[in-house]
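Thanks for making time this morning. I would like to go through one model with you, starting with its aromatic side chains and ending with its pockets.

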Amino acid sequence: MPYSVDDLAEQAGVSVEMLERLSSTLPAGAGRLYFQRRFRKKHGGVREVFKPMSPFDAVSKNLHRSFTGLFSYKAPDHVHGFVRGRSVISNASQHLAKGCVLRMDLEDFFPSIGAAAVKSALCEEGYEEKAADLAVNLVTIGGKLPIGLSTSPLLSNLAFLATDRSLAEYARSEGLSFTRYVDDLTFSGDDVTDHHAVNIARILDDAGWSVNTRKTAFMRRGGPQYVTGLYVGESDGPRIPRNLKRKMRWILHVVSNFGYDVYMAEFGGRREGMRRRRLLGWACYIAAVEPDVGYPLLRAFDELVPEDEEEEEEGLYGLQ
């Protein structure tokens, strides 16, 4: 069934008039419809992140819910990013105790998905041309898929689907395990060589994607093997990196012996932004991977670290 402009407005939860107004305003909507922040990447370059404001935020969330229910997209088994029930843990678990792990990263994944690709995907899902044009104006900024909108994760997976299938077929033909977590591609097996990296890069280039060669890495058995931040060198499951576990245990030691306020003021906690919410978040993450390490940390931080009034105020006024 084709989706018209009226259908799109219903999916967005606004009138057609409001839909058209937002669509025409969005290109120049910085400061009115969204905030834009720039972060320097660790390995060079700048990442732009967008935070939608009302009423655009509600429209974006409504469209995300509608797209999730309406689209025919079914995530391939190897895709672990933005898929319910999958995570960095399930992603890393596919590469345990392998002879070699090859990690490749896509350059500017979200921004490299342009308006034309998004429109093509929407038309394939049944949107009439005018509805697709309006939708594209609501899910792209500056003609690119932005980081920060609720609609971007699903649309990125949809735009990458054909390439996902090509990479999965190549991995099967070469006897390799393959997973993708957003822009992080991982291939593993007993023998992963340079020619695999060359062939994979060619598949990506032919499909219009670019590899961030600075982050390509071969990780061989006996050395550090990390997939989406987790150590995969053992067969019984992924592990939290030792340096993270040591740091969290050190923080707990300082907080237990000197108090949270002293840790924040004298031991770098404030500089690193280690407020209650962040400490509990790290402990929860560790507990999800290594329960015997994470749950004691979680219980201890919950008991020793007081509620943060600034965090409560931010949550109350929706500033996070």
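Which residues form one aromatic cluster? They are Phe82, Phe109, Phe110, Phe160 and Trp209. Before I go further, please keep in mind that this is a predicted model, in which local features need pLDDT of at least 70 and side-chain atom pairs count only at pLDDT 80 or more, while totals for chains, interfaces and linings use all residues. Residues are numbered from 1 along each chain as its sequence is written, and side-chain values use heavy atoms, with hydrogens and water left out.

A search of the whole structure gives 16 aromatic pairs, where rings of Phe, Tyr and Trp (its six-membered ring) pair if their centres lie within 6.5 Å, and planes under 30 degrees apart count as stacked, over 60 as edge-to-face and the rest as tilted. The rings of Tyr3 and Tyr127 have centres 4.9 Å apart and planes at 40°, so this pair is tilted. It links distant parts of the chain, since Tyr3 sits in the segment before α1 (5-12) and Tyr127 in the loop between α5 (115-124) and α6 (129-139), 124 residues apart; helices here (H or I, at least four residues) and strands (E, at least two) are DSSP runs, numbered from the N terminus. Tyr3 is buried at a relative accessible area of 12% and Tyr127 is buried at 4%, where buried means under 20%, exposed over 50% and partly exposed in between, with a 1.4 Å probe and protein chains only.

Phe160 is buried, with a relative accessible area of 0%, and Trp209 counts as buried at 9%.

A pocket, on a 1 Å grid over the protein atoms alone, is an open set of points where a 1.4 Å probe fits, with protein on both sides within 12 Å along at least five of seven lines, and lining residues have an atom within 4 Å of a point. Of the 43 residues lining the largest pocket, the closest to its centre are Lys41, Arg47, Asp105, Asp183 and Lys215.

The second largest pocket has a volume of about 390 Å³, and of its 14 lining residues the closest to its centre are Thr68, Phe82, Val83, Arg84 and Leu154. Volumes here are the space filled by probe spheres set on the points, with grid points joined across faces, edges and corners.
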